[in-house]
Each structure stands twice: as C-alpha cells, then as structure tokens.
Amino acid sequence: MLSALLLLLLLLLLLSPASPLEVFVLGGSGRVGASTIRALRDLSPSSTFTILGRSPPASLTSPLPPHTFLPYTLPASPSEADVAPLAALLSPASLLIHTAGPFQSVRFPLPLLACVEAGVDYLDVCDETALIREILKGDLSERARKKGVSAIVSAGIWPGCSALLARRAMALLPPAAAPASPASSVLYDFYTAGTGNAGPTIVSATFLLLATPVLEWRAGSLAEGDAWTEEREAGFGPEVPGRKLLRNLDCPDTYTLGLCTGTPNVSSSFATAPEVWNQLFSLSKRLIPKSLLLNRAAMQGLAVFSNPIIRLVDKLVGATNAIQVTATAPTGERARARHVHRDLEEAVGQATASFALEILEGKVEPGVFVPAGLSRENADAILDRVCEVGKGGVLDYEVRLL
Ligand SMILES: *[C@@H]1O[C@H](CO)[C@@H](O)[C@H](O)[C@H]1NC(C)=O
C-alpha cells in the first residue's frame, strides 16, 4: 500500500510541469530593464518576473507583462556586508538580470557576488571596463563554477552583441594558427540617433563615459587614452544615410576582445546625431571638471533636467542604433559585421533577453563570462537570435568580406 502511494507520488512529480523560471530584474522599472522583460517574455513565455528597484514601474510607454515588485535600493558604496542580505532576497530566483546603471565608478560587483553566494545565475549590462577588469581578475569565476552559477557580464547590445559581431567578422578571415587571432586589428564603430529612445539614462552614461579613460589595444599592449579626442569617419550602410564623424569612447568589448582573442589592435568610436549633440559632448568635456562629470547624481540630474530637449530631439532624429565592426587580417583581408536597429531601447532589450535565454535554457556552463569569451555555440545562438532581420525592428544585418 505504502509503496503504491510512493509510486503515485513519484508519478505525480514526474508529470507535474517544470517549475516556472523565476527571473529577477534589478532596475526593471527603468527603460532598459523594462525593455528586457518585454523581449524575454516573448522568448521565454513560461518565465515569471520579479522587479527589484527603488520604485515600481511608472509611466512607461509600453506596458510591462505581469510581475511582482520587490523594493530594493543598491547601496551607494556597497561592501561585503551587503552581500548576504541581497543573497537572501535573491534566493528564489533562477536568474538575476542587473540593468540598474549607471555602472560608471562602481568597483564592487555586489549583485554578482550575491548571486554567486545564493547559487543564482547572473547577467548584467555593465558598460564600465574598470569594473569588468575587477570582476575578471579575481577568483570569482572559479567560485561561480564551484557553485554551479552561470554568469555573463556586459551582455547588452553594446557592449554585448558588439563582441559577438566582432567574432563573426573575424571568423571570415583566413584562420591563424591558434592561439593567434586571425585579425591584426578590430575597429568598433557605434552610432545612435539622438538617445535611441533610451532618454536620460544614455545621456548621463555618456557624460560619465566622457570622463572615463578609453582603454584600447595597440600592438598587443593596453593603452589608455583620453575620451573624445580622436576622430574617424565611417558610413553605416544603406539604412543610415550619410557619413558620421566618430570620436573615441570606451567600450568594454574593446578590452575583452583583445583579452579573449589576442587581437593586438582593438579600438572603439561613437557618434550620435544630430552633430550638435557630439559638439555638446565635446564642449561639456572641455568645460565641466572631470570630478563633476564622474558625479553620478549630478549627471543623472543634468540629464533629467534636459529631458524635454532630449525627447524633442529624439522625435526629430529617430532612435536608430548601428554597430559596425571591421576586422583586418595581417595579410590585409578585411571583413565587416553590421547590425542596425530602428530603436536602441528595443535593441538593448532584445540583446539582453537573447543572452538571458541562453542561460535559462541551461546552455551556458558555470563560470563568469564576457561575450568575447563565450563558447562558439553560445555566441552563435545568441547572435542569431538578435540578428533576425525584419523581426523586432532589425533593419540591417550583414557579415561579409570587403
Ligand atoms: C597591430 O599590431 C601589430 C602587431 O602587434 C602591428 O604589426 C600592426 O602594425 C598593428 N596595426 C594595425 C593597424 O594592424
């Protein structure tokens, strides 16, 4: 009798549907977080969402899928003491997606540490190279591996998909004898019209980035330059009319691509439209002291204050986002990968959700990864998901030899 009952229980357990995937989104009330949730709901309909943030989502242009809200504010100067309380809060989650930027001047990766402690998978959209270096230099990846935690940092559109596009362009070049890179040089070009609909967030991030040193690879060594001091011209294909004047700006995919592939020269440049926006950045860079540019609260304040102007400009210039990566082989062959999306905010959400799905499906092995260091299978699956032209606002996607 007892064994029959046990058998019945076992049968019920086997037949019951897999428990839903609990996705926690830190900063889910913000535009990037909300856009990620909308995209991930489409990719993974069985996921449930919990938003962690200062305040519940309000006044978003598109509504969010059903979700739970948990009040949580990231401490201004996080320390070891903050890890355990956050880990306790995160323990029911399958995955934490951290979109609560800006990441500039953060050096203690509290949400990632809490996830490793709680045994929860992790993803973020960190665009601060110094923080990525901090994360990569310790034994955090080893600790994550021991806990069975899969984590990807800098997993948005750029940084994130830009590194995957670089790898795809490099794959077209004649292969070099491993471990040498097939490319002797990789250039990242980024273009966003207005704020790409992302509003004050990207403006405050850009102000912070202007004061952030630009880390590049030159002839196999890391070199630090001053942001917005070097100019380069580029066109972005048929969907982006005209040539753009780009200026050097830091992007973690520059550092991580050189690190993971051994490419000796890697650099990144950025332009926005209208050109007066670029000039405004140049002016701010010259007139505003570095300490103020690096002041997160002040720059967020300035960006929010300028919000009506930002919105107006966005209406006029659109929100197109373009990434173009050019890889050059030592023998001179060149390959290019390009991704153009009608809206930066949507593009970030789709990219982050595509990385997230790879983790939710259990395909990313335990450890802490940057996109440039993911397995070939992971990288290909994620990029294919992001680049389906005509779906979800992708205007152009092309990878070819030049
Ligand atoms: C890149 O690095 C290599 C060797 O480290 C160097 O020979 C080459 O001239 C550099 N520049 C470019 C644009 O490839």
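The entries below go from the whole chain to single residues.

**Entry 1: the whole chain**

I noted at the start that this is a predicted model. I looked up the secondary structure and found 15 helices and 16 strands. The chain has 402 residues, and 53% of them count as buried.

**Entry 2: salt bridges**

How many salt bridges does the count come to? I got 20.

Glu 128 is buried, at 3% relative accessible area. Arg 107 is partly exposed, at 39%.

Next I looked at Arg 232 and Asp 189. Their side chains meet in a salt bridge, 2.4 Å from N to O. Arg 232 belongs to strand 10 (residues 231–235) and Asp 189 to strand 7 (residues 185–193), so the pair ties together parts that are 43 residues apart in sequence. Is Asp 189 buried or exposed? Asp 189 is buried, with a relative accessible area of 4%. Arg 232 counts as partly exposed at 22%.

Strand 10 came up again with Glu 233. Glu 233 forms a salt bridge with Arg 243, with 3.1 Å between the closest N and O atoms. Arg 243 is in strand 11 (residues 243–248), and the two residues are 10 apart. Arg 243 is exposed, at 56% relative accessible area.

**Entry 3: helix 14**

Helix 14 covers residues 344–360, which makes 17 residues. From its first C-alpha to its last it reaches 24 Å, close to the 24 Å expected at 1.5 Å a residue. Of its 17 residues, 16 are buried, so helix 14 is largely enclosed by the rest of the structure.

Which residue caps the N-terminal end of helix 14? Asp 343 does, with a side-chain oxygen 2.8 Å from the backbone nitrogen of Glu 345. After the helix comes Gly 362, which has a positive phi near 75 degrees.

**Entry 4: helix 5 against helix 9**

I went back to helix 5 and looked at how it passes helix 9 (residues 252–261). The two axes come within 8 Å and cross at roughly 35 degrees. The crossing is right-handed.

Which residues meet there? From helix 5 I listed Thr 129, Ile 132, Arg 133 and Leu 136. From helix 9 I listed Pro 252, Tyr 255, Thr 256 and Leu 259. An α-helix has 3.6 residues a turn, so residues three or four places apart point the same way.

**Entry 5: cis peptide bonds**

I looked up the cis peptide bonds next. Gly 101 and Pro 102 are joined by one, with omega about -5 degrees. Pro 102 is in the loop between strand 4 and helix 4. Trp 158 and Pro 159 are also joined by a cis peptide bond, with omega about 5 degrees. Pro 159 is in the loop between strand 6 (150–152) and helix 7 (161–170).

**Entry 6: positive phi and a loop residue**

I then checked Ala 219. Its phi is positive, about 50 degrees, although Ala 219 is not a glycine. Ala 219 lies in the loop between strand 8 (214–218) and strand 9 (221–225). It is exposed, at 65% relative accessibility.

Trp 228 has a positive phi too, about 65 degrees, and is not a glycine either. Its loop runs between strand 9 and strand 10. Is Trp 228 buried or exposed? Trp 228 is buried, at 8% relative accessible area.

Last, I looked at Ala 81, in the loop between strand 3 (68–71) and helix 3 (83–90). Ala 81 is exposed, with a relative accessible area of 61%. Its C-alpha is 9.8 Å from that of Leu 110, which is 29 residues away along the chain.

Key. Residues numbered from 1 in each chain as written. Predicted model: local features only at pLDDT ≥ 70, side-chain atom pairs only at ≥ 80, totals over all residues. Heavy atoms only, no water. Salt bridge = Lys/Arg side-chain N within 4 Å of Asp/Glu carboxyl O. Buried < 20%, exposed > 50% of the residue type's maximum accessible area, 1.4 Å probe, protein only. Helix = DSSP H or I, 4+ residues; strand = E, 2+ residues; numbered from the N terminus. Expected span 1.5 Å × (residues − 1). Polar contact = N/O pair within 3.5 Å; in protein donor to acceptor, adjacent residues only side chain to side chain. Axes fitted to C-alpha atoms, helices over the stretch in contact; angles between N-to-C directions. Left-handed = near helix turned anticlockwise from the far one by under 90°. Contact = heavy atoms within 4.5 Å.
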